[in-house]
There are 4 protein chains.
Amino acid sequence: MTKQLKIATIGGGSSYTPELVEGLIKHYDEFPVTELWLVDIKAGEDKLNIVGALAMRMIKKAGLPIDVHLTLNREAALKNADFVTTQFRVGLLEARGKDERIPLTYDVIGQETNGAGGLFKGLRTIPVILDICRDIERLCPNAWLINFTNPAGMVTEAVLRYSNIKKVVGLCNVPIGIEMGVAKLLDVDHSRIRIDFAGLNHMVYGLDVFLDGVSVKDEVVDKLTDPEQTSFVKNIEGIGYDPAFIRALGVLTCPYHNYYYKHRDMLEKQHKEAKEQGTRAEVVLKLESELFELYQDENLAIKPPQLEERGGAYYSEAAVRLITSIYNDTCDIQPVNTRNNGAIKSLPDESAVEISSVITKDGPKPIAIGDLPVATRGLVQQIKSFERLSAEAAVTGNYDLAVTALAINPLTPSDTIARAIVDEMMEAHKQYLPQFFK
Amino acid sequence: MTKQLKIATIGGGSSYTPELVEGLIKHYDEFPVTELWLVDIKAGEDKLNIVGALAMRMIKKAGLPIDVHLTLNREAALKNADFVTTQFRVGLLEARGKDERIPLTYDVIGQETNGAGGLFKGLRTIPVILDICRDIERLCPNAWLINFTNPAGMVTEAVLRYSNIKKVVGLCNVPIGIEMGVAKLLDVDHSRIRIDFAGLNHMVYGLDVFLDGVSVKDEVVDKLTDPEQTSFVKNIEGIGYDPAFIRALGVLTCPYHNYYYKHRDMLEKQHKEAKEQGTRAEVVLKLESELFELYQDENLAIKPPQLEERGGAYYSEAAVRLITSIYNDTCDIQPVNTRNNGAIKSLPDESAVEISSVITKDGPKPIAIGDLPVATRGLVQQIKSFERLSAEAAVTGNYDLAVTALAINPLTPSDTIARAIVDEMMEAHKQYLPQFFK
Amino acid sequence: MTKQLKIATIGGGSSYTPELVEGLIKHYDEFPVTELWLVDIKAGEDKLNIVGALAMRMIKKAGLPIDVHLTLNREAALKNADFVTTQFRVGLLEARGKDERIPLTYDVIGQETNGAGGLFKGLRTIPVILDICRDIERLCPNAWLINFTNPAGMVTEAVLRYSNIKKVVGLCNVPIGIEMGVAKLLDVDHSRIRIDFAGLNHMVYGLDVFLDGVSVKDEVVDKLTDPEQTSFVKNIEGIGYDPAFIRALGVLTCPYHNYYYKHRDMLEKQHKEAKEQGTRAEVVLKLESELFELYQDENLAIKPPQLEERGGAYYSEAAVRLITSIYNDTCDIQPVNTRNNGAIKSLPDESAVEISSVITKDGPKPIAIGDLPVATRGLVQQIKSFERLSAEAAVTGNYDLAVTALAINPLTPSDTIARAIVDEMMEAHKQYLPQFFK
Amino acid sequence: MTKQLKIATIGGGSSYTPELVEGLIKHYDEFPVTELWLVDIKAGEDKLNIVGALAMRMIKKAGLPIDVHLTLNREAALKNADFVTTQFRVGLLEARGKDERIPLTYDVIGQETNGAGGLFKGLRTIPVILDICRDIERLCPNAWLINFTNPAGMVTEAVLRYSNIKKVVGLCNVPIGIEMGVAKLLDVDHSRIRIDFAGLNHMVYGLDVFLDGVSVKDEVVDKLTDPEQTSFVKNIEGIGYDPAFIRALGVLTCPYHNYYYKHRDMLEKQHKEAKEQGTRAEVVLKLESELFELYQDENLAIKPPQLEERGGAYYSEAAVRLITSIYNDTCDIQPVNTRNNGAIKSLPDESAVEISSVITKDGPKPIAIGDLPVATRGLVQQIKSFERLSAEAAVTGNYDLAVTALAINPLTPSDTIARAIVDEMMEAHKQYLPQFFK
């Protein structure tokens, strides 16, 4: 008789769910899940049914004994779960659209996890995640909470500081994407690449890069600064960096660093895209509706390739390798969002950081790096301050803190603009921000 | 017989010198200087003679036995000095003008101690100050180096890291200016005000404010956020802050914070001023020429009141109270730039910080604050990273480091603009940057 | 009309009280106390009346308008107090006698503030001090708690960690005693000596010694290691140190260091004294009874000189200079037990340390030292661990923690002996340790 | 054609060498060594020849293409080596005998790696290891130095602080021994046990114990404190701990902790053993001569089982699993002595610690633990101070430092006894301590 192994996926009606299901099927030998509970809210019921039906067809086709449950009852889903994954979006893509559009009207970056958008996504999401944490405490206190919900760094910080849940990991597909990009750049299989990651979510650096255990960082940096290689650089970096800068910085950046190191270019790009093709939320909304069209096809029993365009590349890979390693006490190294615990000296021990960690059944154990390179320390500290103030504002409903969180963000041009944006966005997201309208 | 007490002032031909002389006269009882050596370079000889003659007249009028020496021979000036003060400007106001004008053409803040201007002032100044340090080691190893030369934080950092001189203090009139402003705001004598300062030069915060030892921070913050008080706020802050921001920040800022917290406004202001009245260097050039006109008046034997407009308010006060306290082992509290030594947790022990310190004959001893408030930690870390990279670039002549120092500065819109500005400014200041043109 | 200024002294019947009263009289101009409340427990009523009557005679003789109140009602004493001083001894000298005698029967140092004696004095005292803290919170929330009760380091640690009182300072006469000894050694007035103290209570080091602000540490160390000077060394150190040791240690030690650096000699000395003249408690008991004999003399209106033999030299000086500096926001430097706040890097921010601090109306501000010299870091860390475990045991009544606190103490020869001593002393002090006998 | 893979073993004539050879044979598939150079000094030539001949017979029997070279020429041995292992003993067992005997005459623990013995073994060994480091820099700069030479913590500290070699790992069989003991206690295969180790060499704690990834620390502690289990406890601990102590300590100790937590018992045991069977050096001397008798048997081609009694249990296992993991970039977790790098907060970043680390081709990466449990922090800090002073004394030949290193060691009863022991041992080991007799 098989031991029960239950996953509860909150936001199960997400278009990403087939990614997760594909991963579970592929890794069934190492991680023999018996029950997969997809749970969503009333407003997401239709999508839940569509994506749930597809999940069932995929599992049936794979011939695996995994029971799929679709439910709007979060308590039932969480009861005795071994792993809880979260991938919900409070306010759906409509809210994301506002996060992107409103700041732009102030000539300020509008992005879902950075700056004003990140702040408001955090303000909407954190009370919900803390509510889930209280349910977990009660219904499945031994479960691991694997959070994919953005802004993942801020959300993990909030769980670590404001809940009683210690078994939490924040996960993002950015680091695995960098690994894949480097493997492609060097034309080697990605299993041969290892990168020492450290920093914060969407603000993570690759401190060193190893091919079969030997540092190839200088070679990678050379290639990144080689104009002949620009097509690849675009894949990792979006826009090529100045060679002098990237050489002296001495580390790999992540795509989200563009918002900071190429602030002006990114702002222009956003204005242009918003005018020509719509903001990212608007593009994704269209992609999603096409995806759900596909998902409804009763002959479809695999993850459709079009999902990759949605932006979740390697999501399945990252998610399932993390869960599998925890389950099996694999002790391999993966970059995750976890409690710093002294691994990065200039950040608080109790804060969430994104860092290469050994993944054990007892959770991720961050590898000590001493401190970040001098040139990267400031930006990381600044974003951590932003995350902490935002999380505190989300929990307390303190308006002044929300303004100040935004005012100290490096993407914000002034305190008075911060306040104007906060005022407009508070009103726009009012229904999801009860803590500020008591 | 009086014991010799010798001050050597490098950049002695500066228009500020009468400030210093006035202070020495006023505090002669506590600090009975016997020799004042004003030393300058060949290019400054005329000014040195004018200002030196005024200094002599001032001392004569005061009836004090202080010998004033004017010289172009730095070795003679340093020989056996007890205190060395530095107040020179490599490249004079002409160079400052370029520091202000060139960045503006890229739509970037042009300011003498922040951003691109701060970087290039550092690149020009640091090799000279390290050269002076080597002379001090040889000629007056027991002397205290009191550095007023900007960017004072970066310069002090460079002396601490790249010279053998340990007896160095960086001094700035910004903190004393804030004290005076608060005293005026509360309508009390400034001797009754004490502020716990911590941060970096031109990036210093007032963590708490005491009137007769009792915290009045909340009252001061209330007044700062009171629209009725805006006229005063302008005195301290330049531009009023949004009350929500200043309340949640919970500390006093310094005027230079405007470049960061009011970035867009300050940039507009600079463009406007540059067009209408010229940059600050251009305004100061005019003021200086008027001042030297006055200084030449052989009937003048006091510091002329017009000097205050020059921008060095309380300079004399700050300088002489520091020197006097060191000399007399007074053990009073003053805000200075000194080795952190663990006083601010998230900054390196060996870095320069601007912090309230006990002033002893053995130097300033910083008072431990634990760590800076969360909301202020990021910006401070970022500027410290900028200062460290700039200082290293100045010492090594490493071009990539210079680009990267500027690229990570929060006032810089992108790495490629950083490079363009560095390229143009390197060329413009070429004669003062031999380390980059080997 | 004079503003009320009220001191409440808990353990007011102590033989030390005339010291305090003398200090208050001497410094009345700077610290115009209006009410002195001496409070004690029922068992101390007789002593309270004797010493209280003496206090009244002293004040009357001085012609000062200070009202002295004698009471067994702690609430009345605390109500609206400005300063609360504590100098009580739970279990009186009889308990101290057990702290000294019992360990010796195991061939282990028996001393009131170190090792087993220190542990049990802490276990008895901490619940009482925390009870007082709760009263202070309720009755005089703005008062400063000045704790003289030993073990002062452990008690201050407990108040900082386990009460809501933040306005607490632990005070000891050891540092002032070292200052006086050094002044005598150099034959100068002690006002010309300043010592940079850092460490823990009864484990404090003099990191540097200044005469008129100039370091004379090497000279002092030379004298301390000069055999011709042994008579003095005995004054400071009890027993002379080996010159090689004291030179390489490079700092001044305190008398209590003998228990560690001269462990074997001190143990022999204790055995000998216990046999020949009785333990310290027994000697003091005799001294005290002589003192109270004197105190009853109705013609006595000054502190009798015999009190000095009691062991509290400079106690009055230390106490009153602290209270006066807080009251007047003097900002002078004094060595006190206060929250570390990062001043000593290898100790926790939130722990109590004994360190040179600036004394303000807002409390002591420790001066950052970076870290202790390598050679001293281990012992300090060990005693801090001992203090923390002892305090936690005192608060929780956790027997295992009490055993372990003693087992890790450097004066303890093994865990099993630790347990045997704890068992015997628990029984001996049972009536004062209700938390362990629930 | 096989790539060359060369090991140089300094002190190759050691009786332990067959352990290493056995390991290399067993793991040849993962680590295909081509050359094994055994190097020793002239005085060890006979042993080198005996043990070298045995090594050759073992390899021949295994049928592996490993060339064994025996040499007195260290330069030849090091030239282009990939791994350098060190297992030498300056002064041989005769010197160890003195390290054990002399302190005992002062009624002080005499032990080869702790207290006075550890100090003098360090003073003799460190100059030699630093000399080897200089050779490595010149002859095989890419080699990994795997140091087994005791005192391994102090030696690794010295290499990290006083050489240019960064590729160094100190290795000890104590942690693996604890793992084996726990496996036996739980009656499971040791591959299922993982322990989070942290501390210093011969002062390492098991912070948590996992069986198949699930914490079983409480169960292990229960068994360790169960009187029925004493026979096992002896295996791990030597002497059983008091249950109250071990419960509140909350971590696993190592056998060497007995010298501290059971100081008095161990001292008595040493006196008894010295009288009855000789010190450990004397016992080992006898064992070694029996071993070399066995090794000379030309029919012997395996590691003789008697070697296990010598004390190096699991040495082969620990050594070869480390080298193999470095060579293959295995990224498994092993406890090693490496640069702290912030992994243990209260110890310096640049100091050697013994800690569970991920073993990569780029070296060990310590896993961040935050800080050690409060109860263990003091002793660890004290031993680190002892190691640092000892290493500095070894490098500088500073006599005062040597005295002070011993005086601050927790096994030393006083500074004057420290000096007396140092004086006698300096004389006894004079020929190996040229740095002190210049």
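A word on conventions. Residues are numbered from 1 along each chain as its sequence is written, and chains are lettered from A, with ligands numbered from 1, in the order in which they are written. Because the model is predicted, local features need pLDDT of at least 70 and side-chain atom pairs count only at pLDDT 80 or more, while totals for chains, interfaces and linings use all residues; side-chain values use heavy atoms, with hydrogens and water left out.

I start with the chains. Chain B puts 41 residues into its contact with chain A, and chain A puts in 41 residues, where contact means heavy atoms within 4.5 Å. About 3400 Å² is buried between chain B and chain A, with carbon and sulfur atoms giving 53% of that. Buried area here is the accessible area (1.4 Å probe) that two parts lose on being put together, summed over both. On the chain B side, R264(B), V374(B) and D415(B) supply 18% of the area buried against chain A, more than any other three residues.

Now chains D and C. Here 41 residues of chain D touch 41 residues of chain C. The buried area is about 3400 Å², and carbon and sulfur atoms account for 53% of it.

Which chains have no contact? Chain A and chain C have none, and their closest C-alpha atoms lie 13 Å apart. Chain B and chain D have none either, with closest C-alpha atoms 13 Å apart.

Next, helix packing. Helices and strands are DSSP runs numbered from the N terminus: helices are H or I with at least four residues, strands E with at least two. Axes are lines fitted to C-alpha atoms, for helices over the stretch in contact, and angles run from 0 to 180 degrees between N-to-C directions.

In chain C, helix 6 (residues 152-162) packs on helix 15 (residues 374-396) at about 60°, with the axes 9 Å apart. The two helices are therefore oblique to each other; angles under 35 degrees count as roughly parallel, over 145 as roughly antiparallel, 65 to 115 as roughly perpendicular and the rest as oblique. Residues making the contact include M154(C) and R161(C) from helix 6 and F386(C) and E392(C) from helix 15.

In chain D, the axes of helix 1 (residues 17-26) and helix 14 (residues 315-328) come within 8 Å and cross at roughly 50°. That makes this pair oblique too. Among the contact residues are L20(D) and L24(D) of helix 1 and Y315(D) and V320(D) of helix 14.

Last, burial, where buried means under 20% relative accessible area, exposed over 50%, and partly exposed in between (1.4 Å probe, protein chains only). How many of the ten residues of helix 1 of chain A are buried? Seven are, so helix 1 (residues 17-26) is largely enclosed by the rest of the structure. The buried ones are T17(A), P18(A), E19(A), L20(A), V21(A), G23(A) and L24(A). Their cover includes strand 1 (6-10), helix 2 (45-62) and helix 14 (315-328) of chain A.

Leaving aside residues up to four places away in sequence, G52(D) touches L38(D), K47(D) and L70(D). The C-alpha atoms of G52(D) and V21(D) are separated by 9.9 Å, and the two residues are 31 residues apart along the chain.
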